[in-house]
Amino acid sequence: RRSAESAVFLVMFRFLFFRFRPDRWYWGSVLLVRNGIISFVPVMSPDDAQAQIVVFSTVLLMALVAQVGLWPWKNVQLNVVDSGLVSLVMTIVSCAAGNAPASPNRDTFTGVMVALFVVALVLAIAPTLHGLFLVITKADSKPVQIPDYLIHELRGSCRVLRNLDVVEFEQFMIQIGPFGRKAMGEFNGVVTHEFGVGKCRSLSASRLTFEATRKLRTRSASVVGDEFLVEVPTSVSL
């Protein structure tokens, strides 16, 4: 929001977010925090190489999980290279751990390993039990609540895209980048499947498709020369 109001703000803090996707603008701060923690690893326990390796590997592992989950860089190549470099550094550190001297805090490390194993076991069992609970209680059958602001924003975005000509829309698709184009393609596939083809998976969705198709036909009959309207097939599957 601040960047949309002040060009000076963009120039001053460009180094923090110009390399990342617009919805991942904060990733520069994450990298600064990650690098700062890594630089302090030798200071935390200077006489315990095993502890340094554990802390270093943990920080890199957390960064790698976040990197793969968020995919923050602007293009796919940078994301792949960053993930590969972090994985390579983790492999090198793991191989070097065999040549490190034994830790004087072996009992502490054993307790930490047991605690991490218990946490991993709980994280593996909890989703299974939660899924069984949902199946037994049929909690998924509750109606989904869609926020009103999301509905209004989507309708407004569709109106804006409708007013663009072919050249403007092509420039827009170029500017949003590969991840934006992928999201637009997925959104277009959902809309086409539900409202164009009409092959819905549920009866309520089929009724919604039927009503939307009927309104679209009525509008196309009353509006002549509207190039934005999509040709809808005559048969609607219920």
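**Model and conventions**

I am working from a predicted model, in which local features need pLDDT of at least 70, side-chain atom pairs count only at pLDDT 80 or more, and totals for chains, interfaces and linings use all residues. Residues are numbered from 1 along each chain as its sequence is written, and side-chain values use heavy atoms, with hydrogens and water left out.

**Entry: salt bridges**

I searched the whole structure and found two salt bridges (a side-chain nitrogen of Lys or Arg within 4 Å of a carboxyl oxygen of Asp or Glu). One pairs Arg 21 with Asp 23, at 3.0 Å from N to O. Another pairs Arg 24 with Asp 23, where the closest N and O atoms are 3.5 Å apart. Shared partners join Arg 21, Asp 23 and Arg 24 into one network.

I then looked up accessibility (buried is under 20% relative accessible area, exposed over 50%, partly exposed in between, with a 1.4 Å probe and protein chains only). Arg 21 has 14% relative accessibility, so it counts as buried. Asp 23 is partly exposed, at 38%.

**Entry: Arg 24**

I placed Arg 24 in the loop between α3 (14–17) and α4 (27–39). Helices here are DSSP runs of H or I with at least four residues, numbered from the N terminus. Is Arg 24 buried or exposed? Its relative accessibility is 18%, so Arg 24 counts as buried.

Next I checked its neighbours. Leaving out residues up to four places away in sequence, Arg 24 touches Leu 70 and Pro 72 (contact means heavy atoms within 4.5 Å). Trp 73 lies 49 residues from Arg 24 in sequence, yet their C-alpha atoms are 7.9 Å apart.

**Entry: second largest pocket**

I turned to the second largest pocket, which holds about 400 Å³ of space. A pocket is an open set of points on a 1 Å grid over the protein atoms alone, where a 1.4 Å probe fits, with protein on both sides within 12 Å along at least five of seven lines; lining residues have an atom within 4 Å of a point. The volume is the space filled by probe spheres set on the points.

Which residues lie nearest its centre? They are Gln 50, Val 54, Phe 109, Val 112 and Met 113, out of 14 lining residues. The elements giving two or more residues to this lining are α6 (49–70) and α8 (106–137). I sorted the lining by type: eight residues are nonpolar, five polar and one charged.

How values were computed. Ala, Val, Leu, Ile, Met, Phe, Trp, Tyr, Cys and Pro count as nonpolar, Asp, Glu, Lys and Arg as charged, and the others, Gly among them, as polar.
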